[in-house]
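Keep the picture open while you read.

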Amino acid sequence: METKKKGKKLWIAIVPICLLLMAGIITVVFRSGVEAEAKNSPIVNAPKGTGSSAALSGAIVPDTTQTINDHKLVAENENYQLYLYESTLSIIVRDKNSGAIMESTVHNDKGLEGTNATWSGFLQSGVVVELQEDTNKLQKKLDLVNSGAKITVNLVKGGFQAKIDYPNYQFGFDMEVLLYDDGSFTASIPEYSIYENSEKQKIGNIYIFPLLGHTYLGEREGYMLIPDGNGALIYLNDKEGRFSAGYSQKVFGSDIGIDESYILSLFWGKYETHNDAEKVLAPIFGMVHTDSELGYLAVIEKGAEEATIWATPNGAYTNYNWTTASFRKSATYVQPTSNSGGSVTKVTDRISYDIQVRYFMVHGKNATYTGLANRYRDYLLEQNELQKSDNSFNIRLDFLGADVENWLLFKKDVTMTTTENIEEIYESLQKQGVVDIISLYKGWQDGGIWDLPVTSFDAGGSIGGNRKLKNLIKSSKEKGIRLYLYQDVMRANPDTSNTTFNTVKKMDKRLYSENTHRDVFEEFVYWTPSKTTSVVNKLVKSFLKNDINQIAFSGISNNLYTYTINDTMRTRQSTRESYEKLISSISEQTDLLLEEPLSCYWKYTDVLIDMPMGDSDYIFTDQSVPFLSMVLKGIIPMYGNYVNFEANKDQYFLKLIETGIFPSFYLTYEDPAKLIYTNSCNIYSSEYRVYRDTIVKYYNELKKADDLIKDSYMIEHEKLDNGLTVVTYNNGVRFYINYSKKDIVMNGITVPAMSYKVGEAE
Amino acid sequence: MKKRSRILLLALLICAMSLPMIAEAGTPYKTYTVDGYGYVTETQTAYSPLTAITKVGETSFVRPVDMSLSKEGILYIADAGAKLILICDLEGKEVGRIGEGILSEPTGVYVSANNTVYVADRAAKRVFVFDSLGNLKAEYGKPNSPIYGDNMDFKPLKVVANESGTMYIICEGNMNGIVQISPVEGGSFLGYFGTNFTRLNPFQVLQRMILSDAQRAQLLATIPSTPTNLAIDKEGLIYTVTQGDGESSLKKLNIAGNNLIIPDAYDELCAAVTTGNYENIFVASSDGYVYEYNEEGELLFVFGGRDDGRQRIGLCNKVEAIEVDAQDRIYLLDSDKKQIHVFEPTEFTDLLHEALYLYSKGRYTESKAPLEQVLQMNSLFDYANKAMGRAYLQEENYTSALKYSKLSKDFIGYSDAFWEVRNVWLRNNIVPAFIMIVLLVVLIKVLKNLQKKKGIFDPVFRVFSKVKERILVKQLKYSSYFMKHPVDGCYGVRREQKASFLCANLLLLAFIVLSILNKYYCGFLMKTVREGRYDLLSDIGVVLLVFLALTACNYLVVTINDGEGSFKQLYCAYAYCLTPYIIIKPFVIIISNMLTQNEVFVLQFANLFIEVWIVILLFLSIKEVNNYSVKETVKVILLTAFTILIAALLVFIIYVLMSQAIEFVVTVIREAVYRIGN
């Protein structure tokens, strides 16, 4: 009671000061706005919320005080202060320059009205645990307000340690929050501190600071950044209750080992109709308040494999916009006991790993998604998670060698591109000036592209055999073309190899098999990581013996799963560790490419292939931004998905310019109509003769554009009100891209419809 | 021709991932098209999701169930929950509202070319007509014409009207067809239109034959289904969709009510239909799939799908209405999500539409340019191949026409082009061919003379006669005698050892080889299987199984019916019965490669001839080998058929029992694994 009264008194003091300061800020902002306009520089097109100055006033605490909203100051550095309210483990981060704050819990009665107890508790807690009670599939949310949790806080240098015990459920853990000099702070829960004393009650998921930086309805301006595809934003405007759920995706893709049941819709009982959503390649999320110019980028440093990223717009569950990560500590799965549907639900053992999230605060002009991208790039470089590699422009031309179709009792080769065809294609392109080429040769192995695993260098006879393939690789090298042999090293084909042992079994100890919905090979299984390691080592040995050192791997580069060996659970983390060890050792011996790799493998490859260009088009996202492009451009060259299968070719071309991603083509020498009865029947357009002119055109135009950039970083990206997208590089080159069907004039530059112009940054 | 089997949407709770091979960023759904055989292939995205209209001005939808798009691009949305018609532009800005206080449950809305608004109101049992300003002009209740039916209720669900104001109304529970009401004299009933028909399956027919009248009365009456939705195009043609009506799911009806099209693919749950700007037809299924057809009902695209919690734009829950605007954008009304999904055509689709437009205007040569671009993007695109073939045919470039019509399995186009190509060939080759024949005749004459005079071929003839002496060859030769003299032939088989298993097997082998050749190497027009598609194992299996089962069952029946034939004799006799096929079929296969559709009857006749001959031979063989009378023979044949039925049943029972046993073992093992695992 006492504290509340004090709080009230404080408010009386603060409000007039706030108002005065507000007036000041508004004048400053207004002036700078006018100046900016006078300079004719493009103004950041921040999403317009219904934000009012009244709402903003609460977000800015102008004077350094010892307490804000009952939160006590516990740590500070040059730019930021960290405040803590112990009983709900709520923190406030304050920007010392502007006074802007971000809060991690809701303590605003207005917003809690009409919210049910579960969500109301969720909104008011710094940490939320989902209780795994016996084998109950529905996990109950335990917050710090209603669950009877006991919190003991111990202040340490730079932050605090909190011991959180749940006496009613007999478990608990420690959380440590530390503020660093570089403007970041971490929150971590070490595995050793976790205890669970009850058989029936376990920790299901843990949410850390679920409401950090939350905003109410459309009161504030800004956006949440989600790692969907290349990157996407959810604006903090009022969604008017249109969405019933928000973004919720497992980092590094879904887990095949623990059933995440979803509904498969098959069209005409046979054809898959949905395209999968983009995977989360990097374990990040962010929140930016553009009105108070404060934001953060959260990077999951430990435990990313088990994390799920949430970004929920207002109207879904509550009236707040919030983004966070939750960490899975145990899960339920269904153990079938008969073929006719009998089953029991079981709970996994605790998944052991440390949790650590690092929040990079950004403020002032950096409080934009470009600011977050720049911060993330610096972080990756500091941590050696990325190394600068050769960024020169290449066009990626992949070839499909051969696939097979059913024929009598056997399989018949369907040869699409032989080694001689490739030589011919290279020569014809070089004659037309296309010289910088990087190629992946798929389906080069005996038995065609789906004859997996590939255990030795054994080229298909129909594409020319070992000798001709070696000659091709040699002659390509002489021409300066990088030709990589591609294979999936995770999948195994039960029809072409013995897959009785060493294949991945799910938590329910059943063999995992992946349905292709195709005719020739109906399913694939996964090798266990240890088997993959032995297969790959054997394969690489065979490659090196044949003087081949340019190889490309898929499968292991972007799949993580929980599995069982002899009834013991192996976690996604252990899968990642095995794969990482393998990838790192292979990348030392060879020139290794990885297909659409997860961020943890970025340092092992010097080219990123199949980078997503856009997002998954979720109903709640408002803008797609090339976030990963901004992070990676100029550091590591990126190649996009195949141009062939794009319906909007012109738009796609502009997207390549915008994202700085290099183009990719999937080519065959023969007509792809031949593939219709193979498992590659989804390749319906790939004939080289058809694409020759397009390749030359793309090459010339994109090379010209890239020559201006070389290996500069993308430092700014904006979508302006007038429809132009502006991308600025740190060498001063600026691209104006017009996706609309009308010409747009800006700064005296006319950008024609569906086209782009190069300019210079002021 | 191309026929799609039933459409089935399987919703399976499974945990499976597709191969992440080609991910098309953005669109949450795949787009499919069909090739010439109706084989579904993936293609570039035809329409990409653009946006969704969730509100009209500040008003949210309550229960939107229908919409109509005016010529000027104004949307009229029937909200049965809010009891009014909301009017908005294509951005969702409110323009007005109609019928507040008048409408009770507007379930259908149609806006005509002169902006007259027709509203079907189920609860009010009336069709209301408003002028362009929203004033009530007229209302029509249940027609009092006796033809309408006194007991028939009038609950209008959907309505369209033609230029003269004649309304076509779908009524709930009215199976007689679409109610046609003319505005003259305050609404006169013109009759029923576009009635659906019922079809009985063979089982129902049998049931009806066996059951008594009383029993029959208890059966569920098979009543024709009421159309689900309808649309009208500029020419006044009516389009209807009916759920679960097979090929009649989509109908294009002329003024007389006759159906003009048979769609080559259809959905079981079609919910709405509309026409586009190129006489193309769009059908939306309630699951969110959108089908685009050309004017002849040939499928161009199908895309979309259900939103099973994926939360991605462009996926629907329950589609009720579809409209297409002047920019070819598609609007889908989703009553469950209470929003209108908007899709825009991609560059790929724009190209196709351009071609459609040019082609429909008869500008074939011009249509080739966009078609070529479409084919460059997807060479399997059936419609483009077909149109390309037809365009070349118009240009009298027959070899190219032949190529494209073969790709698209356009039999008529192929036949026409082939006729011309053959003509040219004949013209060019008739003289040399004639000369060749003459030379050949002369050569033979000369050789015969030489043989007579000098006997230069004597060694060859000696070898020939030696071969002829061999028993097997004799037996084989006997088959041609058997074919012509079955009664005598059977005697030879029974009494004179004129046949052997080896010989019978050889004949059977020849039969199998020929049937396979016939299947895969007959002319394109006669082909029933896909080009380049082989399934020899089942081809061989089927022939062998049928032959052996027939012979074995027949033998079993014959032995207990005083038949005199041994198994060997029966087996050999039946094998000999196949001889006409073996002798005549090769010629049929060769000729089939040279004929157009006009001459196909020649082949049909030849095939019939072979079949009849074989049947006669079989009948006589059974009779003669067993020394039966005609009556006995018929009896044995019927008994054989029965035996086969029983045998099939037996096999089936054994199969079921076995699979149960296997299931049991598997379950026990699984249970054990689970127990040990704990």
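Start with helix H11 of chain B, residues 501-521. Helices (H or I, at least four residues) and strands (E, at least two) are DSSP runs, numbered from the N terminus. The expected span of a helix is 1.5 Å times one less than its number of residues. With 21 residues at 1.5 Å each, H11(B) should therefore span 30 Å, and its end C-alpha atoms are 29 Å apart, which agrees.

A word on the ground rules: this is a predicted model, where local features need pLDDT of at least 70 and side-chain atom pairs count only at pLDDT 80 or more, while totals for chains, interfaces and linings use all residues. Residues are numbered from 1 along each chain as its sequence is written, chains are lettered from A and ligands numbered from 1 in the order in which they are written, and side-chain values use heavy atoms, with hydrogens and water left out.

**Covered helices in chain B**

Which residues of H11(B) are buried? They are B:Cys503, B:Ala504, B:Leu507, B:Leu508, B:Phe511, B:Ile512, B:Leu514, B:Ser515, B:Ile516 and B:Tyr520. Buried means under 20% relative accessible area, exposed means over 50%, and partly exposed is in between (1.4 Å probe, protein chains only). An α-helix has 3.6 residues a turn, so residues three or four places apart point the same way. The cover over the buried residues of H11(B) includes helix H9 (471-484), helix H12 (536-559), helix H13 (567-577) and helix H14 (579-592) of chain B.

H13(B) is mostly covered too, with 9 of its 11 residues buried. Among them are B:Leu570, B:Tyr571, B:Tyr574 and B:Tyr576. Its cover includes H9, helix H10 (486-495), H11, H12, H14 and helix H15 (600-626) of chain B.

**Two helices side by side in chain A**

Two packed helices are described by the angle between their axes and the distance between the axes. In chain A, the axes of helix H8 (residues 529-545) and helix H9 (residues 572-589) come within 10 Å and cross at roughly 10 degrees. That is why H8(A) counts as roughly parallel to H9(A). Axes here are lines fitted to C-alpha atoms, for helices over the stretch in contact, and angles run from 0 to 180 degrees between N-to-C directions. Angles under 35 degrees count as roughly parallel, over 145 as roughly antiparallel, 65 to 115 as roughly perpendicular and the rest as oblique.

Where the two helices meet, H8(A) brings residues including A:Pro529, A:Val536 and A:Leu544, and H9(A) brings residues including A:Tyr579, A:Leu582 and A:Gln589. Contact means heavy atoms within 4.5 Å. The residues of this contact divide into 7 nonpolar, 7 polar and no charged. For that count, Ala, Val, Leu, Ile, Met, Phe, Trp, Tyr, Cys and Pro are nonpolar, Asp, Glu, Lys and Arg are charged, and the others, Gly among them, are polar.

**Some buried residues**

| Residue | Relative accessible area |
|---|---|
| A:Gln335 | 4% |
| A:Glu687 | 15% |
| A:Thr370 | 9% |
| B:Asn229 | 4% |

A:Gln335 sits in strand S24 (residues 332-336) of chain A. A polar atom of its side chain lies 3.0 Å from the backbone oxygen of A:Asp508.

A:Glu687 belongs to the loop between strand S42 (662-667) and helix H12 (688-709) of chain A. The side chains of A:Glu687 and A:Arg689 are joined by a polar contact of 2.9 Å. (A polar contact is a pair of N or O atoms within 3.5 Å; within protein, one must be able to donate a hydrogen and the other to accept it, and residues adjacent in sequence count only if both atoms are side-chain atoms.)

A:Thr370 is part of helix H5 (residues 369-382) of chain A. Leaving aside neighbours within four places in sequence, A:Thr370 is in contact with A:Met630, A:Ile715, A:Glu716 and A:His717.

B:Asn229 lies in strand S19 (residues 229-232) of chain B. How far apart are the C-alpha atoms of B:Asn229 and B:Glu320? They are separated by 8.9 Å, although the two are 91 residues apart along the chain. The side chain of B:Asn229 reaches the backbone oxygen of B:Glu320 at 3.4 Å.

A:Leu452 and A:Pro453 are joined by a cis peptide bond, with omega about 0 degrees. Phi of A:Asn502 is near 65 degrees, a positive value in a residue other than glycine.
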